[in-house]
Amino acid sequence: MAAPSRTFSESWYRVANQKVCLRSVVRVRRQYFRGERWFVLENPFSNQFFRLRPEAYEFVARLHPELTVEAVWQQCLARFPDTAPSQEAVIQMLSQLYHANLLQYDLAADSAQLFERYQKRRQRELGFRFLNIMFMRFPLLDPDRFLVATLPVVGRLISPVGAILWLLMIGLGLDQIFNHFSELRIQGEGLLATGNLPLLYLGLVVVKTFHELGHAYFCRRFGGEVHVLGVMLMIFTPMPYVDATSSWSFRKRWQRVLVGAAGMIVELFIAAVAACVWTHTGPGVTHQLAYNIMVVASVSTLIFNLNPLMRFDGYYILSDLLEIPNLNQRAVFQIRHLFERYVFKVEHSESPATTPSEGHWLTAFGITSTIYRTIVFAGILLAVADRFLLFGIIMSVACLISWMVFPVVQFVKYLASSPRLDRVRNRAIGISVSALAGLIILLAVVPFPHSFSAPGVVAASQRLVLANATAGRVVALLAQPGQPVTAGQPLLQLDNPELTLQLADAQSRLNEANARYQQAMKEDSASLEPLIKLRSAAAQTIAKLQRDADHLILRAPFAGVWISPQINERVGAWLERGSDLGLLVNPSAYQFVASVREEDGHALFGHPLRDSGIRLNGSADTRLAAQDWRIIPGGQQVLPSAALGWAAGGDVPVANDNNNSQGDRTIEPFFEVRGTIVPAATVVLLDGRSGRARFWLEPEPLIPRWFRSLRQLLQKRYEI
Amino acid sequence: MRSLPTQDYRRSDYRVPTRPFTGLDAVVNRYIGAYRSRAAVAAGLLKESESIIQLEREYRDLTNAELQRRLIEFREHFRRGGRQVPAYVGPALAAIREAADRQLGLRAFPVQIMGALALHRGLLAEMATGEGKTLTAGLAAVLAGWSRRPCHVITVNDYLVERDATWLETFFHFCGVRVGRVVGSAPPPERVKGYECDVTYVTSKELLADFLRDRLHLGRLQDPTRRLIRHLLQPQTAARSPLVLRGLHTAIVDEADSVLIDEAVTPLIISASHKNETLRNAAGFACEMVRALEPGVHYQINHRYKEVELTEAGQGTLVEQVQKLPGLWQGPERRLELVIQALVAREFFHRDKQYILDNGKVVIVDEFTGRPMPQRTWQAGMHQAIEAKEGIEISDPSETIARLSFQRFFRCFHKLSGMSGTAREAAGELWQSYGLAVITIPPNRPCARQHWPDRYFATEPAKWEAIAAEARRIHALGRPILIGTRSIAASERLGALLAADGLEPRVLNAARLKDEASTIALAGDPGRITIATNMAGRGTDIKLGDGVAAAGGLHVMASERHESGRIDRQLFGRSGRQGDPGSAQAFVSVEDELIQRYLPGPVRRTLAGAWQRDSAWKERFLAWGCDYAQKKAQNSARKQRNTVLRSDLWMDQALSFAGADTI
């Protein structure tokens, strides 16, 4: 329950004998908002608006240059004893009307005061421009006469006939797109390529110009004046804009909504036309431009303009649909009210909403748009800082001021001096300070569990690439590839006739050496020595050849699974020595080899790696445990598997040059960490399967962590 | 008499005040203020005044006629103005001092010359009570009056206006300065005569009211230039100027703290009563309606903010009875306003505290000065609600015709200066609001007043008992006693308590104003006991009777600490004036209004607990609580005054289409 506004005001004498009335140019329109009647006053010269309740309008409507305010007030009292505005309310209202330049008064205005007001407004506008540096506006020209001149032609399109045409065109466009969907996708990959950017921007400007003209024509069509066409630097990208605010006074809601949606209507139309052009041209500039226009006019429209959380068309459309004018501001007030009411316990805080459902809408919009905007602004900040170095830092500072410092300063000011908090100031300050202190403690002191993840591959701990030690022709497979084999089990039978001959040759040479040795024993002992050597050499040759011959049967060195998908095809083929005969993998023990980014490297050393989990791609629902982690000290540059690199769809950046045909050489060095996987029943461990390992670190408070991240970011991006 | 058009220009001349500083400007301005009132300024003035004293030989031997001739010569210099004027200030003051000596028999002390210099320079001189502020103002007024620019010496009440103007008349006359006075009862022609003089003694309220009335006369032609053009174009319209004042130039404010600070809480309002039958009826009905409402059941009382709020039950009762009200007041907002006013009248406005009844009329008592303010009314509705509550005839609401805050008015002087016994505490505000830098003038003779340690009590009855006992004790010594109370009711109660003891206290409060002068005149006699609400004695000296000084002088007892420490100091300053002996003591209890109102609930409860447990540090705790509450009260009062100025400025901006208000 708020204090009622006082029927009698001590300042009444200041207005009582004044003869004021609405300016003759002021237009009054009746509008309904959420079922309630309102009167909207509009000054077409300054494009200023003012919304009045019917009770207040009863008073304002009676103002007349021949009547004093007092007389009018008495009239109202006599006619509407219950609802006539109080003196205080009248003074408040007249002052607002005056400041909205809607009031005509017979006294020469206080020119010094007017000038001061003008200066203040200029200053505020300048400040506003700086604070909105990401959406700076520069009014350029007045398109109204052009619009009026062309409206007889263009205006005809804004009609049921136009709507049908529009629907047909959109249908046609959609048809084209569905028929050429695959091409569309292929070309889409090159959309953001550097070479395409100028064309993309050109397309954007063309589309947005039509978009804005759409607003202007629709507005003009329904009787609103459009006096400003200018350029807005949206994140430093010049874009056209028009001021169609005069549509706010339209009585019909659907007209206001249509003006808001006009830009999108036009863009979608253009997109449809561009789709037809694109499908009917061959590769070339026109083709590319048509493609760009098509994408820009459809995708950007739907993503940006339709989104009510940014203050673009969607916002105004939503505002009109909900019949809550000034949605954003009132949402802010609503949030403030909730805060004051339930946190600071301000007794007389009143919601700006007149009905509960309006309150819910305001709350919902307030919360979502705040969160959304925070994210978008943070994104813009990072993106800008990323793209433009010095400039970007200046811009970031400006944005930081307008999006962070400014609100904080305002909040402090609000806490310190807002009359709304007069009675609960101590509590409000107490709560705010303790909330801040709590947050700081939470962030700076309380350790948070902390982890990072690294991509890696499964590798068997016992794995061997099998190769034949002796060349030969494959005679027979002694074991089936893909089946478990025991240690020493023969896998493959090779045949090498040459080896057999060599063996026979060597044997005969040994025999000869033996014979000569016997002979020498009988005859002469002087030549005995060389013969012994000869004999042992021959024996050695035999032994070697014998070993080679033994190797003609390939045996599994350990128990495991012999993986050799193509070996069947090689039966009968000649294998050079050292040919790849597949992999022998011991399935009983697997390792996970993870590649840890350099940034996370600090976390690896100094303390034991704690309980970690591995999730393999394709079996992300099961967490595999691992133990005995070992860190390979020293940075690596070659990935354990090319599957982890960008080139093969992984997420580790790999070099993109000729030296890296394998696609496994990384741009930045990384640390390799190996751990033994504890097998789980549900996950099939296969050598080479990729996944991610999560490493839990010692819990650490967030602020030092953020600070470290920031330092790393700066170091990485700016080498500071 | 046909006046020149330009004369009219002068008559409405005043300085258009600049906007008060805000933000960083205000911070910088604060430092400038601190610099302007630095100790070196006072030291420089003292040196200068000593060198002026040295000049006395030059004038001592002159005959009266010769001295007067010299004075007239000085007057010519001042009249002409120009760059040489500062060089003449010293010799002129020496001559004026001589004149005062011959006409009044008072030879100004160096500190008084120093004060006069400070006034001449537009500073605020802090001079202890009884240091001869009246003469100091007179010296400076002569300098200002010589220039023929309007000089107003502003005091707090008509009594002082009369007294000072009468007392100094011969002196001013001797110096070639015409002196006039304007008091509340004077009719317009007499006022014009008063303001026509070179120096005019007047109260701030009268001056501001005359200023406002002049502005009302001018109507739409506020701007002198526009008026001048009109006069030149249409000479026939140039009728005799209806203006009473002849512009604003120099103001010397006596008791500057009460004029500029305490009384600045409410703006001055010129009003006319306006027939409003429905409001009168409605107030009566509302009063009847709320009779059935009970606190806690139908409404909640918030003592701190002086508000009431209806509960659900209260609202229900209201709806049932709404038919009784006149149609205009049946709307939900209006009837709520009306009923709440009636409840506020009942809960927060008490007879003999906020107002007194005088001949069947409600007369507001100023909370700070304790004086009745017959001109003042509460806002429309509230006044009627109180009248309804008292069951007296309900008057028509008065309708504001013009209003102006003192803060803005005093910014309209080209040269504002002032004197006060207690300005240090408010130095910051005086600088920020009025551009007055405070400098301290040392006392002529060191102060011999003893400040006895405060005494603390758990309950009010205990306190009153102790006050009575102490009064008896001091009375037995033959010393006069002055006891300050906060409300009329308290002063009467204490009077009865002492009378029951066989003492003969004289009570001085808003209800017994007639014998103020005689009571004060006798208050210094041996064995006299005077009980006064805090108005009493402000701006008036209590002169000690025979033999009192030997007995130890006047003893001042404060029965309560006031919201403002300045007011406490003023009360204590009644004793020990001009080096007389004297003593002062304050009595404080946990139940005092100051503590109850401004100490936060938990602290208050802890404090009460400490007294119940008879804790060892209960007194220190209470002393601290008292200081804290006082600081809080002062802050909130300062905020309120700021709000007055700010809302004035806001209103100007908001309604500038209705013409600049008065300024």
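This is a predicted model: local features need pLDDT of at least 70, side-chain atom pairs count only at pLDDT 80 or more; totals for chains, interfaces and linings use all residues.

Student: How are two packed helices described?

Tutor: Two packed helices are described by the angle between their axes and the distance between the axes. In chain A, helix α17 (residues 497–522) and helix α18 (residues 528–550) pack at about 160°, and their axes are 9 Å apart. Angles over 145 degrees count as roughly antiparallel, so α17(A) is roughly antiparallel to α18(A). Their crossing is left-handed.

Student: Which residues of α17(A) and α18(A) meet, and how do they divide by class?

Tutor: From α17(A) the contact includes Leu499(A), Leu503(A), Arg509(A) and Tyr517(A), and from α18(A) it includes Leu531(A), Arg535(A), Ile542(A) and Asp548(A). By class, the contact residues are 15 nonpolar, five polar and four charged.

Student: At what angle do α20 and α21 of chain B cross?

Tutor: The axes of α20(B) (residues 460–476) and α21(B) (residues 488–500) cross at roughly 50° and come within 10 Å. This angle makes α20(B) oblique to α21(B). The crossing of these two helices is right-handed. Trp464(B), Ile467(B), Ala468(B) and Ala471(B) of α20(B) meet Leu494(B), Leu497(B) and Leu498(B) of α21(B). This contact has seven nonpolar residues, with no polar and no charged ones.

Student: Now the hairpin. How many bridges join β7(A) to β8(A), and in which direction do the strands run?

Tutor: Strand β7(A) (residues 229–234) and strand β8(A) (residues 237–242) run antiparallel and are joined by six bridges. As one pairing, Val231(A) has Pro240(A) in β8(A) as its bridge partner. Two residues lie between the strands, and Ile235(A) in this hairpin has a positive phi near 50°.

Student: Where in chain B are Arg148(B) and Glu255(B), which have positive phi without being glycine?

Tutor: Arg148(B), with phi near 70°, sits in the loop between α8 (133–146) and β2 (151–155) of chain B. Glu255(B), with phi near 50°, sits in the loop between β5 (250–253) and α13 (256–261) of that chain.

Student: Are Arg148(B) and Glu255(B) buried or partly exposed?

Tutor: A residue is buried if 20 or more other C-beta atoms lie within 10 Å of its own. Glu255(B) has 27 such neighbours inside 10 Å and therefore counts as buried. Arg148(B) has 16 other C-beta atoms within 10 Å, so it is partly exposed.

Terms used:
Residues are numbered from 1 along each chain as its sequence is written. Chains are lettered from A and ligands numbered from 1 in the order in which they are written. Two strands pair if DSSP finds at least two bridges between them. Helices (H or I, at least four residues) and strands (E, at least two) are DSSP runs, numbered from the N terminus. Axes are lines fitted to C-alpha atoms, for helices over the stretch in contact, and angles run from 0 to 180 degrees between N-to-C directions. Angles under 35 degrees count as roughly parallel, over 145 as roughly antiparallel, 65 to 115 as roughly perpendicular and the rest as oblique. A crossing is left-handed if the near helix is turned anticlockwise from the far one by less than a right angle, and right-handed if clockwise. Two residues are in contact if their C-beta atoms, placed from the backbone, lie within 7 Å. Ala, Val, Leu, Ile, Met, Phe, Trp, Tyr, Cys and Pro count as nonpolar, Asp, Glu, Lys and Arg as charged, and the others, Gly among them, as polar. A residue is buried if 20 or more other C-beta atoms lie within 10 Å of its own, exposed if 12 or fewer, and partly exposed in between; C-beta atoms are placed from the backbone.
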